Amino acid sequence: MSKSSLLLFLGLLTTGSLFAATPEASFLAEHGLSGKSVEQIVDTIDQSPQSRPLPYSASITSTELKLSSGDQTYTLPLGDKFYLSFAPYEWQTHPCFNHSLSGCRGEMPEKTFDVKVTDNKGDVVIQKEMKSYRNGFIGVWLPRNMEGTIEVSYNGKTAVHAIKTMNDSQTCLTELQLR
């Protein structure tokens, strides 16, 4: 065995991979996110039972997931899907455009809502009961470049709002007041 082959073999034994861990890989491993797709990372963080704010920053724009801790920032592209996080409320809300997976909190955590998303052609994209996460939000993955409406119902009250999933659309919908 050549010296370079031996070093490569020893490196594989000690690190489990051909290359040393990148700072991004270390960050993901530290927060239990390694080995996950971008969609799975977003879902894991948004549904985390940890109290907000989290010990690191995670936000989602219409095109990417941004993770940061200290002076390190990592950006992961979303691809052909769009993530919309929404927080139905009765009494109080906060203004938001890009959802902070690590910081946003809604008024109604762990409640079950009837959710219906319809595109402008009248096709139902989502229609099901969904339970809000511990942070009071519900997240849905939608097709990119869609326009439509979201309707959320709870205890006989309903909220309806127009939505868009374009490259410049909001990912945090906090304007769903149940009436």
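This is a predicted model: local features need pLDDT of at least 70, side-chain atom pairs count only at pLDDT 80 or more; totals for chains, interfaces and linings use all residues.
Let me begin with the sheets. One of them is an open sheet of three strands, and reading across it the order is β8-β4-β11, with mixed pairing. The edges are formed by β8, residues 138-143, and β11, residues 172-177, and because each has a single partner strand, one side of each is left without a neighbour in the sheet. From one strand to the next, the twist averages 35 degrees. If we look at the pairing of β4 with β11, we find that it is parallel and runs over four bridges, and within it Phe 86 stands opposite Leu 173 of β11. Helix α3 packs on this sheet, where it touches β4 and β8, and its direction makes about 15 degrees with that of β4.

There is also an open sheet of four strands, in the order β3-β2-β1-β5, and here the pairing is antiparallel. At its edges are β3, residues 72-77, and β5, each of which pairs on one side only. Strand β2, which covers residues 64-69, pairs with β3 in the antiparallel sense over six bridges, and Leu 67 is found opposite Tyr 74 of β3. Helix α2, residues 23-30, lies across β2 and β3 and runs at about 90 degrees to β3.

Strand β6, residues 112-119, and strand β7, residues 124-131, pair in the antiparallel sense over seven bridges, and Thr 112 stands opposite Lys 131 in β7. Between these two strands there are four residues, and in this hairpin Gly 122 takes a positive phi near 95 degrees.

Now let us return to β4, which spans residues 81-89, and look at one of its residues, Ser 85. Is Ser 85 buried or exposed? Its relative accessibility is 0%, so Ser 85 counts as buried. The side chain of Ser 85 makes a polar contact of 3.2 Å with the side chain of His 99. Once the neighbours within four places in sequence are set aside, the residues in contact with Ser 85 include Asp 46, Phe 137, Gly 139 and Cys 172, as well as His 99 itself.

In one of them Lys 81 is joined to Glu 39, with the closest N and O atoms 3.7 Å apart. Because Lys 81 lies in strand β4 and Glu 39 in helix α3, residues 38-46, this pair ties together parts that are 42 residues apart in sequence. Lys 81 has a relative accessible area of 33% and is partly exposed, and Glu 39, at 27%, is partly exposed as well.

Another salt bridge brings together the side chains of Lys 66 and Glu 64, at 3.7 Å from N to O. Lys 66 counts as partly exposed at 33% relative accessibility, as does Glu 64 at 23%.

There is also the salt bridge between Lys 157 and Glu 90, whose closest N and O atoms are 2.9 Å apart. This pair links distant parts of the chain, since Lys 157 is in strand β10, residues 157-164, while Glu 90 is in the loop between β4 and β5, 67 residues apart. Lys 157 is partly exposed at 28%, whereas Glu 90, with a relative accessible area of 19%, is buried, the cut-off for buried being under 20%.

Finally, let us look at Asn 167, which is found in the loop between β10 and β11. At 51% relative accessibility, Asn 167 counts as exposed. Which residues does Asn 167 touch, not counting those up to four places away in sequence? They are Ser 62, Thr 63 and Arg 144, and with Arg 144 there is a polar contact of 3.1 Å between the side chains. Asn 167 and Glu 64, the latter a partner of Lys 66 in a salt bridge, are 103 residues apart in sequence, yet from C-alpha to C-alpha they are 9.8 Å apart in space.

Definitions and conventions. Residues are numbered from 1 along each chain as its sequence is written. Side-chain values use heavy atoms; hydrogens and water are left out. Buried means under 20% relative accessible area, exposed over 50%, partly exposed in between (1.4 Å probe, protein chains only). A polar contact is a pair of N or O atoms within 3.5 Å; within protein, one must be able to donate a hydrogen and the other to accept it, and residues adjacent in sequence count only if both atoms are side-chain atoms. Contact means heavy atoms within 4.5 Å. A salt bridge is a side-chain nitrogen of Lys or Arg within 4 Å of a carboxyl oxygen of Asp or Glu. Two strands pair if DSSP finds at least two bridges between them. Axes are lines fitted to C-alpha atoms, for helices over the stretch in contact, and angles run from 0 to 180 degrees between N-to-C directions.
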